[in-house]
Amino acid sequence: MSGWDKFVETFFNAKVMWKYLPDILSGMVVTIELALLIVVTGLGAGLALALLRSLAIRPLNWLIIFVVDLFRSLPPLVIIVLMYFGLPYAGPAPSGFVSTWLSLAFVLMAFSEEIFWAGITSIPKGQWEASRSTGLSFGQTLFNVVLPQAFRLTIPPLTNRTISITKGTALGTVVAVTEILGQASSAMSNSYNPSPLMMGAAAYVVLFLPVVVAARWIESKFAWKR
Amino acid sequence: MATNHIVDARAIHKHFGTLHVLKGVDLKVDERELVFIIGPSGSGKSTLLRCLNRLEEPSSGSIVVDGIDMLNPKTDINHARRRIGMVFQSFNLYPHMTALGNVTLALRKVAGKGRAEAEALGRAALERVGLAERADHTPGQLSGGQQQRVAIARSIALEPRVMLFDEPTSALDPELVGSVLEVMRGLRESGMTMIVVSHEMGFARNAADRVVFMDDGLIVEQGPPAAIFETPSHERTRAFIGQIQRH
């Protein structure tokens, strides 16, 4: 047997792959569910915090900045472990799935708040003044004039953050979430063969490549002729 | 508060931290009057203008515009601002909207017009500034002079009672200034009350009813353009006029 054949036999073993394909697919479903929940709640909460911050209420802003800085500096794995193993001592005992979802949603919230906020503050003061001088209220100006311009600036950094944090769903393995990586690594130890891991890698590419493409499309859609 | 003036600002003071920018300014403007405010940079003329629609909050004083007490906390400031158009040095058009979108936004959101009516009014306003055929262009596709005319259309579409111009031609290339002044002259002829901060002396000379010279947060003197430009009574006015006419 040549080196190449051995390599294929080890990493792309058809028999093993076929056997564990259903596991990987069910892992994909879990990962998709987790990722969608994280993206929707994380980005939604991040935007909400950025909007709250634009109201410029001092004590509230200190609180927002503290929470955001905390979740940006803690490793996501630590948050997941604390929530899953630590929180039950205080009462609620979230499942591994919920722990992973909430932990990563908090992290995405923190990062996206900063990105949305940077977008909002990058809009020149003159835009606010022009809009307010025609009688639009603070809120009307924010939603009709400032946010549409801010969103366009935030899409590239937001896409990067969203993808890197949703890839963190793999951390769910440590709290027994049966997502792609969890399924792949248990299949790997059951079959004594790394082929399931290759399938897992392929599954991630299949999941995230469309996200990158979609982000580029949204970006071009939001662009205006300068 | 009864007043015969459409703009009646009294004893306006404005502090920025330790900086005393306006030191008790009175400005009364009659209906249909065109008042030009000139003065060296830092004299407070732009701040005064921005106090009139409360983009800047005066530290003290009173401002009544078209019978509305602008500094009363009970005044609906958004409603009051509809009646006061403002044109900025840097145009400040919304870059993500077309010219028509810029003009119709406040018509729809503030004046409560439906889309069709807002667009009809918006197109009419663009027509008045000579840009009807540019309605679907975004600001990035327009020259500076065209952008400033769209900004003027954005204001006049709301049928303001007063228009404030804050150095409307200072950011323009010399060859584009004329088109903006042309639109301002048209507005003047239609009877619009206008307060203009600008150094377009030629325009001031033949279009203004009154020229106000400000220096160091105070109005130094005011009068008909000929009097201010030819026979200023204060040394500071004379020095300033001399300086700008040398250029």
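This is a predicted model: local features need pLDDT of at least 70, side-chain atom pairs count only at pLDDT 80 or more; totals for chains, interfaces and linings use all residues.
Reader: OK. What order do the strands of the open sheet take in chain B?
Author: The order is 6-7-8-3-9-10, six strands with mixed pairing.

Reader: Which are the edge strands?
Author: Strand 6 (84–87) and strand 10 (218–223) of chain B. Each pairs on one side only.

Reader: And by how much are neighbouring strands turned against each other?
Author: By 20° on average, with direction ignored.

Reader: Take strand 10 of chain B. How does strand 9 pair with it?
Author: Antiparallel, over five bridges. Strand 9 of chain B covers residues 210–215.

Reader: What is the bridge partner of B:Met214 there?
Author: B:Ile219, in strand 10 of chain B.

Reader: Switching to strand 1 of chain B. In which sense does it pair with strand 2?
Author: Antiparallel, over eight bridges. Strand 1 of chain B is residues 7–16, and strand 2 is residues 19–29.

Reader: What stands opposite B:His13?
Author: B:Lys23, in strand 2 of chain B.

Reader: How many residues sit between the strands in that hairpin?
Author: Two. B:Gly17 takes a positive phi near 60° in this hairpin of strands 1 and 2 of chain B.

Reader: How many bridges link strand 1 and strand 4 of chain B?
Author: Five, again with a named sense: antiparallel. Strand 4 of chain B is residues 60–65. One of the bridges joins B:Arg10 of chain B to B:Ser62 in strand 4.

Reader: On to the interface. How many residues of chain B are in contact with chain A?
Author: 22 residues of chain B, and they touch 18 residues of chain A.

Reader: Which elements of chain B give two or more residues to that side?
Author: Helix 2 (77–81) and helix 3 (99–109) of chain B.

Reader: What about residue classes on the side of chain B that touches chain A?
Author: Nine nonpolar, nine polar and four charged.

Reader: Last thing, confidence. What is the mean pLDDT of chain B?
Author: It is 93, and 98% of the residues of chain B reach 70 or more.

Reader: And what ipTM does the predictor give the complex?
Author: An ipTM of 0.93, along with a pTM of 0.86.

Conventions. Residues are numbered from 1 along each chain as its sequence is written. Chains are lettered from A and ligands numbered from 1 in the order in which they are written. Two residues are in contact if their C-beta atoms, placed from the backbone, lie within 7 Å. Helices (H or I, at least four residues) and strands (E, at least two) are DSSP runs, numbered from the N terminus. Ala, Val, Leu, Ile, Met, Phe, Trp, Tyr, Cys and Pro count as nonpolar, Asp, Glu, Lys and Arg as charged, and the others, Gly among them, as polar. Two strands pair if DSSP finds at least two bridges between them. Axes are lines fitted to C-alpha atoms, for helices over the stretch in contact, and angles run from 0 to 180 degrees between N-to-C directions. pLDDT is the predictor's confidence in each residue, from 0 to 100.
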